[in-house]
Amino acid sequence: MQEWNVIVQNALVGTQKMPLTIHATDSLLNNAIETIQLNTSIDDEERFLQVAALVHQYQLSGLQFYTNQEANLPIAEKETLQYCSATAQQLLADTLLEKHDVFFNLWLQLCSTKQQIVAPHVLPQILQKAAQHKSYQPLVIECMGKRGEWLCKLNTEWQFAFSIADEEVWQTGTQTQRKKLLQQISNQNIDQAIDMLQQTWSQENAGAKTAFLEAIEENIHSLKNTSWLEGILIEKSIQVKNKAIHLLKKIPTSSIVLQYASVLQQSISLKKEKILLGLSSKQVIEIQLTNNLPASIFSTGIQQLSNSKEFTDEAYIIYQLLQHTPPSYLEEWLQLNADTIIQFFIQQKNIQPYLSALVKSTLQFNNVAWANAIIQQSQVLYIQLMPLLSQQQQEIYSKQLYKGNEFAIIENAYHWKQEWSVEFTSLFFQFVAENPNIHGNYIYKAITNIPYASIEIIHQFSPKNEYELGVWQQTKEEIIRLLQLKQNIIQSFQ
Amino acid sequence: MQFSEEQIWALAPDEASKKAGKDLAHPEKWISKGANDVAIWGECKGSGSKPYETQIHVETITFKCSCPSRKFPCKHSIGLLVLFVKNKSFFTDLHPPKWVTDWLNKKAEQTTKKVEQKDKPVDEFAQAKRLQAREQLVENGIDELLLWIKDVVKNGIVSMPENGTSILHHLAKRMVDAKSQGLASILKKMAVIDYYSEGWEEKFLSQLIHLYLTISGFKNKTHINELLLEDVRSNIGFTIAQEQLKTKQGITDNWMVIGKQTIHDDDMVIEKNWLYGCSTKQYALIIQFSVRWQINSLLLMPGSCVHATLVYYPSAWPLRAIIKEQFALVETPKPIGFNNWNEVSSVINNNRAMMPLTIEIPFIIHQVLPVFYQNTWWLKDETHTMVRMPNNFTALYTLLAISGGQAIDVSVVGNGDIFQPIGVWLHHQFFSL
């Protein structure tokens with residue numbers, strides 16, 4: 001309305017600088033405005049306010065809404081999957097209230113397994129959660145149905161829901177998107193990921209190159225043909241070059257690893273040593289750095305000088321070579337199995353310090369047999385090797401080595417994919433009962449691993465000190481409540 | 001007692017209490033449980049040596065618990081009430097123990113004292129003197145406010161973004177001192193306008209005019225319509241005692257709760273319940289004020305329908321009301337609202353002549369489609385007429401998700417230009433927004 005616009009313009013400038021002059025097209029309104037403006041008993045400001053109030057009122061009284069034929073909204077496609085039950089829906093609402101989203105992933109997994117979808121009104125909440133926590137995205141996409149797909153198109157924050165062709169992402173995506181794609185492809189086929197990387201390598205900057213090499217690191221040990229990776233060692237960027245060396249060190253057949261292995265082979269041997277005044281003999285592993293040391297090993301990261309009092313410079317070179325050589329090579333050279341070799345490293349004092357290098361190489365080359373052998377025979381718990389083993393195997397060792405390693409073992413057990421056994425859960429309950437004041441987030445981290453059946457045994461545990469009974473009681477109640485909720489969620493999808 | 005479980009959960013002060021309450025809504029958690037027509041009580045085993053004594057007065061829904069929690073109602077009260085609603089058969093004890101009877105007697109004594117106080121003869125002279133003093137204070141306050149309004153008009157509102165909102169906060173405080181809480185609220189609203197967004201000038205000017213009209217109405221009280229004067233007085237902050245209102249005749253109907261809005265103002269929680277009379281087709285607004293953690297005396301759940309008698313506050317466009325008598329929850333019928341925006345604008349235009357002051361008005365409108373046009377979301381009816389939704393409408397995506405691109409029935413609140421959806425129906429199911 002033109003008159004109202006005049007009022008707003010005048011109001012911005014003020015009556016002092018711009019006295020109000022207004023002429024309304026409606027004669028009745030104009031007459032009323034004139035009456036106010038002729039009133040000399042009030043000041044300019046009051047006259048302005050009265051005219052403004054009149055025009056504002058006039059505008060509101062003749063309220064007419066906007067009309068537009070074109071403005072429209074596409075209709076969401078019909079769902080092809082069933083909605084989850086009302087009970088499951090209610091439990092999702094309860095789950096979304098829980099601390100640390102404790103059962104959100106479980107709920108989504110069950111919903112997705114059953115090929116069901118969430119009710120429309122909950123979609124914004126779960127899409128927002130997925131936008132904030134990428135790990136939820138795949139399952140949220142599976143449970144959001146056609147309505148979710150439709151809704152995501154209306155919110156720029158929820159674009160994660162659209163799958164763009166891999167090729168398009170690789171060619172035009174952001175660095176984060178491309179890195180994610182490369183990581184996904186390398187999980188399925190590392191050679192394909194390398195092919196993709198090769199296509200655009202020359203156009204990438206050093207930062208992107210480093211990021212992409214990082215993306216394939218997890219699966220690099222399974223790369224068969226290392227020629228391309230070896231080829232990029234001539235890169236100008238030190239950052240990229242170092243990253244390439246780092247990756248090559250993880251591939252058993254790479255020239256770097258083979259070179260280290262060759263030096264190590266010349267430096268390690270099995271010897272017979274006389275004991276009991278020469279009446280008997282025993283086998284020992286002798287480690288002596290070869291004189292035939294190629295200078296090139298120092299250009300790929302082997303340090304010449306020891307930074308530890310425990311090792312001489314020579315011993316430190318050996319330590320590093322052991323660390324980067326597949327442990328299975330030792331079996332071949334010494335014609336001994338993993339168990340026997342580890343026995344030597346445990347019992348033979350002069351080579352004991354090298355045991356931790358073997359732990360590192362076992363981890364670097366994902367050697368399950370060596371991980372098993374080390375955990376089984378060593379007095380020290382190398383918890384970092386546990387994830388290489390099956391959950392069943394991990395649980396056996398966790399129970400055996402639990403005493404004195406409670407924190408590390410429980411922390412490792414959170415990552416198990418399956419539920420714990422009741423027996424292992426009892427160790428956890430015992431730990432929390434005896435340390436009720438330090439549980440912190442323990443129960444929330446563990447609850448997805450704790451089986452519902454353990455609800456029967458929780459009352460068997462109690463703290464050592466009577467004054468801790470209250471806290472333990474609360475913790476126990478919280479565990480029971482969470483287990484009940486978890487069980488209800490599971491049942492709601494049965 | 002006809003509360004649903006959901007309504008009781010709505011009483012919980014926070015999510016933690018809700019969760020803890022859920023856990024306590026199991027019979028094994030309670031050493032003793034009892035109930036009669038007046039109260040519900042139970043003893044809950046806590047971490048201390050003595051069990052917590054929890055009691056609920058049925059008629060007034062007031063709680064008392066011996067636990068040390070500062071939250072109100074505590075998890076024990078919530079848990080006990082839910083357990084009672086879920087299964088009354090657990091509450092076998094009909095005779096209240098001493099700790100319950102003591103509490104009930106004390107409550108009865110307090111009620112008697114209140115009645116006695118009410119029955120005391122009113123000192124009309126003193127009352128008139130108090131009113132006169134208040135009116136004088138208000139007049140002084142609005143003179144000061146008018147001076148500021150004129151000053152703004154004289155110098156122009158263009159400097160508002162630059163000058164900041166401290167003056168508005170200062171004036172709001174001055175109005176509180178001048179017993180003009182209503183004017184203070186308008187000033188606080190002006191202080192939260194985004195002065196760096198497009199269209200702030202119109203928003204500010206509309207509120208300035210609203211303030212001016214209220215002040216002018218009060219200054220010209222002898223010349224304006226009696227009902228409009230009540231609106232002016234209410235806008236300033238004069239209140240009418242609910243007891244006085246309850247003596248008036250009300251309107252009995254099945255009132256559907258078509259939306260709830262909760263506003264936090266410092267420590268005060270303002271709960272607006274928008275109602276729709278299923279037979280009378282009248283709309284009403286029940287406002288409840290409470291301090292954080294304090295329980296509201298009325299439990300109105302969005303989507304539910306309550307058979308009750310309402311009394312409207314005197315107004316040129318009556319909307320605000322109180323519940324004089326509440327009978328029972330009834331089955332929720334399909335609401336009958338307006339078929340298009342032109343019907344809505346016709347009602348607004350007809351009433352505008354009687355009500356020049358800005359008020360929020362609720363409507364139910366059938367079959368509108370949310371559409372995005374010119375960077376704004378609108379609600380479009382089948383005649384292609386559309387109204388804007390507010391830019392900061394937080395439940396927009398819930399509305400869109402429920403709609404799925406199909407026209408839907410919604411309840412909205414607005415002042416004539418912009419309408420905010422507060423509820424939506426999908427296959428007869430109501431969703432609060």
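These notebook entries record what I looked up in the structure above.

**Entry 1: ground rules**

I note that this is a predicted model, in which local features need pLDDT of at least 70 and side-chain atom pairs count only at pLDDT 80 or more, while totals for chains, interfaces and linings use all residues. Residues are numbered from 1 along each chain as its sequence is written, chains are lettered from A and ligands numbered from 1 in the order in which they are written, and side-chain values use heavy atoms, with hydrogens and water left out.

**Entry 2: the interface of chain A and chain B**

I looked up the contact (heavy atoms within 4.5 Å) and found 52 residues from chain A and 55 residues from chain B. The size of an interface is often given as the accessible area lost when the parts come together. I therefore read the buried area, which is the accessible area (1.4 Å probe) that two parts lose on being put together, summed over both. Between chain A and chain B this area is about 4,800 Å², and carbon and sulfur atoms give 63% of it.

Next I looked up polar contacts. A polar contact is a pair of N or O atoms within 3.5 Å; within protein, one must be able to donate a hydrogen and the other to accept it, and residues adjacent in sequence count only if both atoms are side-chain atoms. I recorded 25 residue pairs in polar contact between the two chains, with both residues at pLDDT 80 or more. On the side of chain A that touches chain B, the elements giving two or more residues include helix 1 (2–13), helix 3 (44–61) and helix 25 (469–492). Helices (H or I, at least four residues) and strands (E, at least two) are DSSP runs, numbered from the N terminus. Helix 3 of chain A gives the largest share of that side, 11 residues.

**Entry 3: strands across the interface**

I found that strand 1 of chain A and strand 12 (residues 385–388) of chain B run antiparallel and are joined by two bridges. Two strands pair if DSSP finds at least two bridges between them. Thr67(A) has Thr385(B) as its bridge partner in strand 12 of chain B.

**Entry 4: salt bridges**

I applied the rule for a salt bridge (a side-chain nitrogen of Lys or Arg within 4 Å of a carboxyl oxygen of Asp or Glu). The structure holds 28 salt bridges over all chains, and three are found across the interface of chain A and chain B.

Which side chain does Asp94(A) meet in a salt bridge? Asp94(A) meets Lys22(B), at 2.8 Å from N to O. Lys22(B) lies in helix 2 (residues 15–24) of chain B and Asp94(A) in helix 4 of chain A, so the pair joins two chains. I then checked accessibility (buried under 20% relative accessible area, exposed over 50%, partly exposed in between; 1.4 Å probe, protein chains only). Asp94(A) counts as buried at 13%, and Lys22(B) as partly exposed at 29%.

Within chain A, Glu419(A) forms a salt bridge with Lys486(A), the closest N and O atoms being 2.9 Å apart. Glu419(A) is in the loop between helix 22 and helix 23 and Lys486(A) in helix 25, 67 residues apart. Lys486(A) is buried, at 3%, whereas Glu419(A) is partly exposed, at 38%.
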